[in-house]
Amino acid sequence: MTKETRTAIGFEEGRSSEAKWFNDLTRSRFAGPVTPHHRVLSRSVSPETLAVHAGTYEDPVTGAVGTPVFQTSTFLLDEASYTAFSDGTSRDVPIYTRYGNPSQWSVQEKIAALEGSRSALVTSSGMSAIASTVYALTNAGSHIISAYDAYGGTYNLLREDMPSAGREVTFVDPTDLAAIEAAVRPETQLLLFETLTNPLLKAPAIRRIAEIAKRANALLVVDNTFLTPVNMRPLDLGADVVVHSATKYLGGHSDLTAGAVVGRRKFLDRIWAQALRFGGTLEPLTAFLLERGLKTLPLRMRAHNENAREIARHLAGHPEIVAVHHPEIGGGRYADLESADYSGYGGMVSFEVRGGDEAALSFMKRLDIPYVATSLGGVESLVSMPGNTSHSSLTARQRTQIGIHPGLIRFSAGIENPRDLIRDLDHALGAPEEEGRR
Amino acid sequence: MRNSFNTAGFSEVVHEIRNDPAEADFWYTAKARSSPSRGLSVDIGPALFGTIKSARSFRVEVGDPADGPCADAPLPLHLALTGIASCALTTLVGGGSSQNVVFDSADMELTCRDGAYETRVAVGGVPEDKVVADLLDQVEQFSPNYRTLTQHVPVALGFGSRPLPGADGAEVAAGRTVACRVRWISGTQLLSRPLGEGCGPDLRVDAPKQLTGVDWGPNPQEYLLMGLAADVAAQLGRLSRADGRYLTWEVSATGREDIGGLLQADPAAVVHLQDVACAVAPPRGAKAASESELTELVRTAFAHSEVRDLISRARSAGLAWQPQADTPVPSQEPGCA
């Protein structure tokens, strides 16, 4: 194989040995990294087609129609490798899998295409993606604004690690635009919000928050784990960078741990450098699993969206349910929802069972179909209580302040038949307690 | 990376600003404070590189020029000289890296003697003297801070919300010698040693990580503006103390760099700093003084600032360099002069 086909598109054009000053240098930022063997499709192609075909490594030797698993930690060194070291372009040549691997590049291209961007990065977990992004895009001395009810891992990173890293963080209600605006300081460098929050499914106005960020010359990073690019593309709404826990819907089968970051290479190259220093590499085999899972993302998301909507509607009229949290149900929380920005709301629905935590625990034991487990986004339904899992580190008063009341259950609807899920819910809500079923 | 300098990163900026010239505007800020009880200090404010903010936190405790030989702190002019010399060396190494030149060392001594500026450059590891000579010619043309020294660059003055026009024409001759020796370490990292007794610790210089640095210290443009803000604040403190008023003064200095000038992405781009401005906040505890008295004091302080004079008056400097055979190899840890 020649070096031209081994290196990323744009790498060769960026090599220059005749420069007399900076203006003679020929490297510009381009898409990817992808090689000529990676399938690059127009971003105007439908998500269903991009999910199947974008990024596939079309192997010139075997003609395999699927991306091979490049299960290797290192690659042969050649002139391109040495140039990459010398010029600082080692993201664009397969040198060492911690730096980059064609298996990663395949899945990165697929995720970038789905989010409507030119570049993406996959990492070893969602938290690896978030931590690398936050560290890379801020300086010691800067200020960050985020949600007080952000995902627990994100909240802990911001609350426990940022002070010693010289970053200050202000936590606000993500739906309170006035509070976000008021929190802005001259040194505010990053706003970090989620497209849909966990577990109460608040829907921050991403487009409006992007406007606040632009006015502040700050970057907006959006965690799109709960919605996925099938339901929202935050970059189209003004966000600068999108992060994912790819463990959830992107992977979709509860069989891998991965993260993803999407955006312009201006940011992604810095996040890549941070991630490789942190050691947040995605293993090639996991990259393969993630790429395979992504091929069905639009199909799965349709089922997740519909199942959650059906469940939310059903529970909204159930006498044993105190409250249901889902955008389709409406209510004051969603009064200003820009519904045109959403194609769906994902598979999550949260609700409060009458009788508090004890009743909720009993209810979960009576369920037959979903597994009682944390996480979300897999093909199988999962159910858990935020009060004794993701938000257990909060005081009771803090939980009440953010709206996590006793009896709150988080139901991650899988892609099973919704009639079976609803029948199971009805049974668990109506049946007397029966120990030992699960 | 060659010389630990991220050539690809600079190449990408060249092509970015050709597509989007607004990304070439780099803004820097420094804020100085002169307090009767807490002395003189200067911080940098958030910088803006096109549309990208870099909010780093660096503070330097500064010696008051009115106190004579300083006590364990650099003078404002030391900060300004650090900014000029470090910019010249970064331009030298960066420009050389783009040509595949490999350096062992690069040092520059910059001296202000009675208002006149002298330089001495030493470069190690480059076998061909012509390469160094050509590079130094390019530094004289394209180093933003060096061009700020050699060109007339207007400095605007404001007091509170009011501009005070026409205040930057006065010449200043401090009647003393201030010097720095700056040593390139790696990539965009440099170390500046203020020369003279009791001038404090070495000053770290680096580019922000948004511009391929590692946030090791303020960047060269920030040092120049730190020197300006600190010097005007020091003059304000000195003059108000002479009037029997013990006031706390806060001075902000800002400036814009068109990075297209350094990179020559746009041959028409201005290389030196532009839109340099000094804003003085009305002092706290100044009830006894009338506004006109304070305004006059601000004007006088600005006129007496040697860093303001350095920026606003064109100087005939020139990078003095001797070919390698005649140049002693500098020690790794330059001693105090």
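Analyst: Domain bounds here come from an automatic or database domain assignment. For chain A that assignment gives domain 1 as residues 3-294 and domain 2 as residues 297-430. The contact between them draws 33 residues from domain 1 of chain A and 38 residues from domain 2 of chain A. Keep in mind that this is a predicted model.

Start with distance and area. The C-alpha centres of domain 1 and domain 2 of chain A are 29 Å apart. Together the two domains of chain A bury about 3,100 Å², and carbon and sulfur atoms give 60% of that area. On the domain 1 side of chain A, L200(A), N231(A) and Y249(A) lose the most area to domain 2. Those three account for 24% of what that side buries.

Now the polar links. Two salt bridges cross the interface of domain 1 and domain 2 of chain A. Elsewhere in the listing, R302(A) and E48(A) meet through their side chains in a salt bridge, N to O at 3.1 Å. Between domain 1 and domain 2 of chain A there are 16 residue pairs in polar contact.

Which helices of domain 1 supply at least two residues each to the side that touches domain 2 of chain A? They are α2 (47-53), α9 (228-231) and α11 (284-294) of chain A. α9(A) gives the most, with four residues. By class, this side of domain 1 of chain A has 19 nonpolar, nine polar and five charged residues.

Next, one helix of chain A. In α13 (residues 356-366), the buried residues are G356(A), A360(A), S362(A), F363(A), M364(A) and R366(A). Their cover includes strands β9 (348-353), β10 (371-372), β11 (382-384) and β12 (408-412), along with helix α15 (418-430), of chain A.

Finally, the contact between chains. It takes 39 residues from chain A and 40 residues from chain B. Chain A and chain B bury about 3,000 Å² between them, with 49% of it on carbon and sulfur atoms. Six salt bridges are counted between chain A and chain B. R29(A) and E12(B) form a salt bridge, with their closest N and O atoms 3.6 Å apart. Polar contacts across the interface of chain A and chain B number 25 residue pairs. On the chain A side, α3 (79-87), α5 (126-137), β4 (188-194) and α10 (265-278) each supply at least two residues. α10(A) has the largest share, five residues. The side of chain A that touches chain B has 13 nonpolar, 16 polar and 10 charged residues.

Notes: Residues are numbered from 1 along each chain as its sequence is written. Chains are lettered from A and ligands numbered from 1 in the order in which they are written. This is a predicted model: local features need pLDDT of at least 70, side-chain atom pairs count only at pLDDT 80 or more; totals for chains, interfaces and linings use all residues. Side-chain values use heavy atoms; hydrogens and water are left out. Buried means under 20% relative accessible area, exposed over 50%, partly exposed in between (1.4 Å probe, protein chains only). Contact means heavy atoms within 4.5 Å. Buried area is the accessible area (1.4 Å probe) that two parts lose on being put together, summed over both. A salt bridge is a side-chain nitrogen of Lys or Arg within 4 Å of a carboxyl oxygen of Asp or Glu. A polar contact is a pair of N or O atoms within 3.5 Å; within protein, one must be able to donate a hydrogen and the other to accept it, and residues adjacent in sequence count only if both atoms are side-chain atoms. Ala, Val, Leu, Ile, Met, Phe, Trp, Tyr, Cys and Pro count as nonpolar, Asp, Glu, Lys and Arg as charged, and the others, Gly among them, as polar.
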